[in-house]
Amino acid sequence: MEKNPKSLLSDLINMVRADGKIKPSEVAFVKKLARRMDISDQEILELFQNPEDSRPVYSEVERITHFYKLILMMKIDNETHQSEIVALKNFGLKMGIRPIVADQILKKLEQSENNTIPAEELLKVFKIYYN
């Protein structure tokens, strides 16, 4: 369970807004995650209108998971804009994630058939740069 679910959802909402367009697939993804966290549609609407500030994510697993959800959010509409990549890397920097890690994960996503990366592959990327 997320320690700061509204903060995570706010980060995802900020990622949605990065390209200046809010698409139904992006809203659906946020709502799907929100339901898993017992956050109502009304609370989601409030977060879209007034997102919470990002909060620190301390554990390595939480940081990797949070960062990966941001990447999935960026890729959900099958379009990647430069503004989204900049936003992703800025979120990463706030979490202590190097921009090269984002580049490597994005490269792996481009090479994948279904726009996902198995957990073990994701962990390999992080291990290369952090161990």
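In the chain, mean confidence runs from 86 in helix 7, the lowest, to 94 in helix 3, the highest.

Reader: What is the average pLDDT of the chain?

Author: This is a predicted model, and pLDDT is the predictor's confidence in each residue. Here the chain averages 88. Of the residues, 97% score at least 70.

Reader: How do I read a pair of helices? At what angle do helix 1 and helix 5 cross?

Author: Take helix 1, residues 5-17, and helix 5, residues 82-94. Their axes cross at roughly 155°. They come within 9 Å.

Reader: Are helix 1 and helix 5 roughly parallel or antiparallel?

Author: An angle over 145 degrees counts as roughly antiparallel. Helix 1 and helix 5 are therefore roughly antiparallel to each other.

Reader: Which residues make the contact?

Author: Helix 1 brings Asp11, Asn14 and Met15. Helix 5 brings Glu84, Ala87, Leu88 and Phe91. By type, the residues of this contact are 4 nonpolar, 1 polar and 2 charged.

Reader: Now the inside. How many residues are in the largest nonpolar core?

Author: That core has 38 residues. Leu9, Val30, Phe67, Leu88 and Ile105 have the most contacts inside it.

Reader: Which helices supply at least two residues of this core?

Author: Helix 1, helix 2 (24-36), helix 3 (41-49), helix 4 (60-75), helix 5, helix 6 (99-111) and helix 7 (119-130) each do. Helix 4 gives the most, with 7 residues.

Reader: Leaving aside neighbours within four places in sequence, which residues is leucine 9 in contact with?

Author: Leucine 9 is in contact with Val30, Leu33, Ala34, Met37, Ile39, Ile44 and Leu47.

Reader: Let me try leucine 12. Is leucine 12 buried or exposed?

Author: Under 20% relative accessible area means buried. Leucine 12 has 0% relative accessibility, so leucine 12 counts as buried. Its place is in helix 1. Leaving aside neighbours within four places in sequence, leucine 12 is in contact with Val30, Leu33, Lys69, Leu70 and Met73. Look also at proline 51, which is 39 residues from leucine 12 along the chain. The C-alpha atoms of leucine 12 and proline 51 are separated by 9.5 Å.

Reader: And valine 61: is valine 61 buried or exposed?

Author: Over 50% means exposed. Valine 61 has a relative accessible area of 61%, so valine 61 is exposed. Valine 61 is found in helix 4. Leucine 123 is 62 residues from valine 61 in sequence. In space, C-alpha to C-alpha, valine 61 and leucine 123 are 9.3 Å apart.

Reader: On to backbone angles. What is the phi of aspartate 38?

Author: Phi of aspartate 38 is near 60°. That is a positive value in a residue other than glycine. Aspartate 38 sits in the loop between helix 2 and helix 3. At 67% relative accessibility, aspartate 38 counts as exposed.

Reader: What about asparagine 78?

Author: Asparagine 78 is not a glycine, yet has a positive phi of about 60°. Asparagine 78 lies in the loop between helix 4 and helix 5. Its relative accessible area is 65%, so asparagine 78 is exposed.

Conventions:
Residues numbered from 1 in each chain as written. Predicted model: local features only at pLDDT ≥ 70, side-chain atom pairs only at ≥ 80, totals over all residues. Heavy atoms only, no water. Axes fitted to C-alpha atoms, helices over the stretch in contact; angles between N-to-C directions. Helix = DSSP H or I, 4+ residues; strand = E, 2+ residues; numbered from the N terminus. Parallel < 35°, antiparallel > 145°, perpendicular 65-115°, else oblique. Contact = heavy atoms within 4.5 Å. Nonpolar A, V, L, I, M, F, W, Y, C, P; charged D, E, K, R; others polar. Core = buried A, V, L, I, M, F, W, Y, C linked by side-chain atoms within 4.5 Å. Buried < 20%, exposed > 50% of the residue type's maximum accessible area, 1.4 Å probe, protein only. pLDDT = per-residue confidence, 0-100.
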